[in-house]
Amino acid sequence: MEEGNNHHSLDGIDLDNDSTQTSWFTPKRLLLLFCVINLITYLDRGAIASTGVNGVPENCDAKGVCSRGTGIQGDFRLNNAEDGILSSAFMVGLLLASPVFASLAKSINPFRLIAVGLSVWTSAAVGCGFSVGFWTIVGCRMLVGVGEASFISLAAPFIDDNAPVSQRSAWLGIFYMCIPTGVALGYVYGGLVGDAFGWRQAFFGEAIMMVPFVILCFVMKPVQLKAACSCCRFFSFFRDVNALLHEKIYVVNVLGYIAYNFVIGAYSYWGPKAGYSIYNMSNADMMFGAVTIVGGIVGTLGGGFVLDRLNSTIHNAFKLLSISTFLGAICCFSAFCFKDMNTFIVLFLIGEILVFATQGPVNFVSIHSVKPSLRPLSMAMSTVAIHIFGDVPSSPLVGIMQDKLRNWRKSTLILSSVLFLAAGIWFIGVFLGDVSFDEEDEETGTERSNTTVNTTAGGP
């Protein structure tokens with residue numbers, strides 16, 4: 001360890017200039033903290049999509065007799081298109097704030113930025129519970145997205161910095177496993193709390209869950225990103241974005257991720273309602289929650305471990321992405337073709353395991369196809385792209401399509417076919433070669449063509 005550096009390192013954890021003690025956040029504790037926070041943020045997404053919180057609209061029969069709607073959709077009298085906007089409103093805040101937080105990470109400790117963002121998230125969740133109309137809750141959902149932006153763009157580079165070199169894909173897989181698991185728990189949580197106490201209480205409960213982690217991120221000694229450039233004080237956002245757009249591997253990876261997220265975002269928001277309608281699932285929240293938990297855990301962990309076993313290279317990651325997504329698309333599409341609910345559940349579960357196996361590899365490519373100093377921004381811009389072109393338009397579009405077709409089976413089959421497009425785009429990545437950046441390349445900006453990603457003990 002060199003004397004005289006502004007930041008010292010011990011076992012992969014940075015020390016502040018004026019401290020001789022390591023941060024409380026060891027690599028495993030850091031991973032655990034980020035996993036729990038990720039679970040809570042995605043629990044919110046599952047909760048607002050659950051029938052217990054989201055509810056069903058008012059329904060009138062041919063004689064004009066109407067049954068009162070339930071949840072947010074019933075209380076605010078929303079049609080499916082308006083209901084889909086609630087999902088997109090969250091994404092608008094996420095899209096606007098992600099590049100800002102990523103750029104600020106060059107001059108402000110990223111860990112403190114996460115604390116500030118989570119404070120906004122918690123306040124906005126409380127605001128959702130107090131909302132009095134459609135536009136009120138839309139505004140609060142936008143602020144929820146702003147708060148989450150700090151965490152989404154910075155957590156993965158922190159994990160990649162501190163993970164054991166031979167287990168980076170697996171650690172990212174563990175982290176991204178919390179996405180489907182959190183959404184699934186949100187279905188169950190929203191169904192139970194919403195039905196028992198009302199949809200507003202579900203938002204208050206989320207805020208209470210997050211408060212201890214907001215406090216922890218503020219009071220504990222922060223960890224520094226190894227690739228953070230403390231000397232870069234000027235806002236170089238557009239120059240950095242231009243650099244990202246010239247990385248072909250990164251661009252192809254994100255394009256495939258956009259098509260993938262178009263489907264997954266709509267699945268997560270409309271899944272319980274589609275299951276309730278197509279298969280008369282009285283317990284749609286619980287059923288989709290259970291399928292998503294199993295599929296998410298097995299698929300996401302499996303994808304990360306398989307990539308590590310194959311040898312963590314960008315070339316292998318693209319092969320895994322294309323094959324897994326193609327097979328998953330076949331299973332998901334076939335599932336909605338069957339009228340028997342048990343056959344649907346089995347095929348859809350297998351499909352979810354396969355499509356969720358992409359989470360570790362796709363983010364591995366986003367991180368390792370760019371220079372270390374661009375990694376927070378690469379994750380932020382990936383997040384922006386997959387949402388603004390993926391699940392932001394998909395939820396309202398599926399709502400509009402369903403309002404026109406009035407047939408959830410047809411709507412879900414059309415939606416599922418987009419997964420084949422994602423598999424095709426990622427297949428193109430297999431032929432782009434294998435390029436990765438090392439920290440020593442940072443000053444020159446050169447790239448290396450490797451058969452494996454750098455495994456030097458000092459980091460990526």
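Tyr267, Tyr279, Phe336, Phe344 and Phe348 form one aromatic cluster in this predicted model. Aromatic pairing is assigned to rings of Phe, Tyr and Trp (its six-membered ring) whose centres lie within 6.5 Å; planes under 30 degrees apart count as stacked, over 60 as edge-to-face and the rest as tilted. By this criterion the structure holds 16 aromatic pairs. In the pair Trp199 and Phe203, the ring centres are 6.1 Å apart and the planes lie at 85°, so the arrangement is edge-to-face. Trp199 and Phe203 are four residues apart in helix H7 (residues 199–219), and are therefore separated by about one helical turn. Helices (H or I, at least four residues) and strands (E, at least two) are DSSP runs, numbered from the N terminus. Trp199 and Phe203 are both buried, where buried means under 20% relative accessible area, exposed over 50% and partly exposed in between (1.4 Å probe, protein chains only).

Tyr257 and Tyr260 form a tilted aromatic pair, with 5.9 Å centre to centre and 45° between the planes. The two tyrosines are three residues apart in helix H9, which puts about one helical turn between Tyr257 and Tyr260. Tyr257 counts as buried because its relative accessibility is 5%; Tyr260, at 1%, also counts as buried.

Residues are numbered from 1 along each chain as its sequence is written. Local features need pLDDT of at least 70 and side-chain atom pairs count only at pLDDT 80 or more, while totals for chains, interfaces and linings use all residues; side-chain values use heavy atoms, with hydrogens and water left out.

Tyr260 is also one of the residues touched by Thr358, along with Leu321, Thr325 and Trp426, not counting residues up to four places away in sequence. Contact means heavy atoms within 4.5 Å. Thr358 lies in the loop between helix H12 (341–356) and helix H13 (359–368), and counts as buried because its relative accessibility is 1%. Phe213 lies in helix H7. Leaving aside neighbours within four places in sequence, Phe213 is in contact with Leu33, Val36, Ile37 and Ile40. The C-alpha atoms of Phe213 and Ile37 are separated by 7.4 Å, although these residues are 176 residues apart along the chain.

The structure holds four cavities of 30 Å³ or more. On a 1 Å grid over the protein atoms alone, a cavity is a set of points where a 1.4 Å probe fits but cannot get out, and lining residues have an atom within 4 Å of a point. The largest cavity has a volume of about 560 Å³, taken as the space filled by probe spheres set on the points, which are joined across faces, edges and corners. Its lining comprises 38 residues, of which Tyr42, Arg45, Ile179, Asn261 and Asp391 lie nearest the centre. Helix H9 (residues 248–278) gives the most to this lining, with eight residues. By class, the lining of the largest cavity has 23 nonpolar, 11 polar and four charged residues (Ala, Val, Leu, Ile, Met, Phe, Trp, Tyr, Cys and Pro count as nonpolar, Asp, Glu, Lys and Arg as charged, and the others, Gly among them, as polar).

The protein chain averages a pLDDT of 79, and 83% of the residues score at least 70; pLDDT is the predictor's confidence in each residue, from 0 to 100. Among the elements of the protein chain, helix H16 (residues 418–429) has the highest mean pLDDT (95) and strand S2 (residues 13–15) the lowest (35). Over residues 1–21 the pLDDT is below 50, and this stretch has 33 contacts beyond near neighbours in sequence. The pLDDT is also below 50 over residues 438–460, a stretch with 58 such contacts. Where pLDDT is low, the predicted coordinates should not be read in detail.

Definitions and conventions
1 Å grid on protein atoms, 1.4 Å probe; cavity = no way out; pocket = protein on both sides within 12 Å on 5 of 7 lines; lining within 4 Å.
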